[in-house]
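Dear colleague,

Please find below the structure that I am handing over to you. My notes on its pockets and salt bridges follow it.

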Amino acid sequence: MTTSERSFARRIDLTSLQLFVAVCELGSIGRAAEREFIAASAVSKRLSDLEATLATPLLYRHTRGVDLTPAGESLLHHARSVLYSLEKMQGELSEYADGVRGHVRVHANISAIVQFLPEDLGAFRRGHEAIKIDLEEHLSSEVLRAVQEGAADLGICHATDGGNELQSLPYRHDHLVLIVPAGHALSGKGGIDFVESLEYDHVGLHTNSSIYVATRQAALDAGRTIKLRIHVTGLDAMCRMIENGLGIGVMPNRAFELMRGGIGRRLTSVTLADAWAQREIRLVARDFSTLPVAARTLVSHLQASGAAAASEPAEMAA
């Protein structure tokens with residue numbers, strides 16, 4: 001932090017930020033004062049001081065209440081982020097008093113959560129019972145945004161979705177396959193290019209998911225479009241739709257194999273020969289070297305788990 005940044009941080013009062021957010025949410029200094037149990041004149045004085053500190057107007061004041069200036073809209077976004085981080089800090093620190101010696105916030109995409117994280121996090125938990133892990137499922141783009149904004153310590157998503165400003169480390173590989181009903185015209189093929197599937201109706205994941213983005217781009221590259229009839233939010237829902245004759249779909253092979261016990265032989269997978277069907281899942285952080293000890297311990301465990309899994313096929317082949 002530079003000298004000017006330190007000076008700015010010292011001049012910003014957290015109570016004033018809280019009052020500013022309250023005024024923005026209620027649209028009135030008077031109503032905010034009532035909610036926060038403080039005199040309206042005191043709220044008005046703090047807001048004026050905040051504007052003086054920032055050297056820019058934050059509110060348009062009128063007889064009906066207040067409206068945000070462009071600078072005020074920007075401050076509201078940052079103020080909420082700061083206050084949310086403080087609430088998270090309070091919650092996490094209170095857990096140390098209860099015996100928790102580490103807290104790691106992880107955001108991951110559905111492919112990582114379904115295929116790999118249950119076993120890997122389960123093993124980590126057994127060896128590190130004092131470390132608490134908060135895991136949330138998000139689209140890969142949202143995982144990266146959460147890491148960038150500090151809402152997550154660690155992100156787990158596909159390498160193709162990475163940003164230049166974030167650091168990443170290898171974790172796992174997965175392979176996308178085409179899921180079709182047993183007896184489908186494509187079910188007997190050992191492997192196909194994705195373009196061959198475009199003759200049939202598809203069941204797709206969320207439009208911002210990495211799988212949908214990859215398949216849509218593959219269709220565009222071939223000068224074609226996907227006959228997408230249904231969007232679903234989960235891999236299990238995709239299988240149910242395909243099972244009932246509503247289309248075919250693309251998902252990670254290991255995820256399909258894990259769900260196959262409940263599906264039986266009603267669905268089958270067809271290997272996709274396209275290069276983009278081979279994907280890398282990576283660990284993402286703003287700076288791995290500055291992560292808390294608990295988070296760095298988890299990163300080391302996940303990397304070791306991925307390396308051990310990658311060595312298994314080679315050992316089996318030998």
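In what follows, Ala, Val, Leu, Ile, Met, Phe, Trp, Tyr, Cys and Pro count as nonpolar, Asp, Glu, Lys and Arg count as charged, and the others, Gly among them, count as polar. Please note also that this is a predicted model.

With those classes, the lining of the largest pocket consists of six nonpolar, six polar and three charged residues. The space in this largest pocket amounts to about 330 Å³. Its lining comprises 15 residues, and Phe116, Arg172, His173, Ala309 and Ala310 are the closest to the centre. Two or more lining residues come from each of β6 (167–181), α11 (253–263) and α12 (293–317). The element that gives the most is β6, with six residues.

The count of cavities of 30 Å³ or more comes to one. The volume of the largest cavity is about 90 Å³. Of the 13 residues that line the largest cavity, Val203, Gly204, Leu205, Thr215 and Val250 lie nearest its centre. At least two lining residues are supplied by each of β8 (201–204), α9 (210–221) and β10 (249–252). By class, the lining of the largest cavity has nine nonpolar and four polar residues, and no charged ones.

Turning to the salt bridges, the structure contains 14. One of them joins the side chains of Arg105 and Asp153, with an N to O distance of 2.8 Å. This pair links distant parts of the chain, 48 residues apart: Arg105 belongs to strand β3 (residues 102–108), while Asp153 is in the loop between α8 (140–149) and β5 (154–158). Both Arg105 and Asp153 are buried.

A second salt bridge is formed by the side chains of Arg279 and Asp174, at 2.9 Å from N to O. Here Arg279 in strand β12 (residues 278–285) is paired with Asp174 in strand β6, 105 residues apart. Arg279 counts as buried because its relative accessibility is 9%, and Asp174 counts as buried because its relative accessibility is 4%; the cut-off for buried is under 20%.

Arg282 and Glu280 also form a salt bridge, in which the closest N and O atoms are 2.9 Å apart. Arg282 has a relative accessible area of 18% and is therefore buried, whereas Glu280, with a relative accessible area of 25%, is partly exposed. Finally, a network of salt bridges links Glu25, Arg35, Glu36 and Arg80.

With kind regards

How values were computed: Residues are numbered from 1 along each chain as its sequence is written. This is a predicted model: local features need pLDDT of at least 70, side-chain atom pairs count only at pLDDT 80 or more; totals for chains, interfaces and linings use all residues. Side-chain values use heavy atoms; hydrogens and water are left out. On a 1 Å grid over the protein atoms alone, a cavity is a set of points where a 1.4 Å probe fits but cannot get out, and a pocket is an open set with protein on both sides within 12 Å along at least five of seven lines; lining residues have an atom within 4 Å of a point. Grid points are joined across faces, edges and corners, and a volume is the space filled by probe spheres set on the points. Helices (H or I, at least four residues) and strands (E, at least two) are DSSP runs, numbered from the N terminus. A salt bridge is a side-chain nitrogen of Lys or Arg within 4 Å of a carboxyl oxygen of Asp or Glu. Buried means under 20% relative accessible area, exposed over 50%, partly exposed in between (1.4 Å probe, protein chains only).
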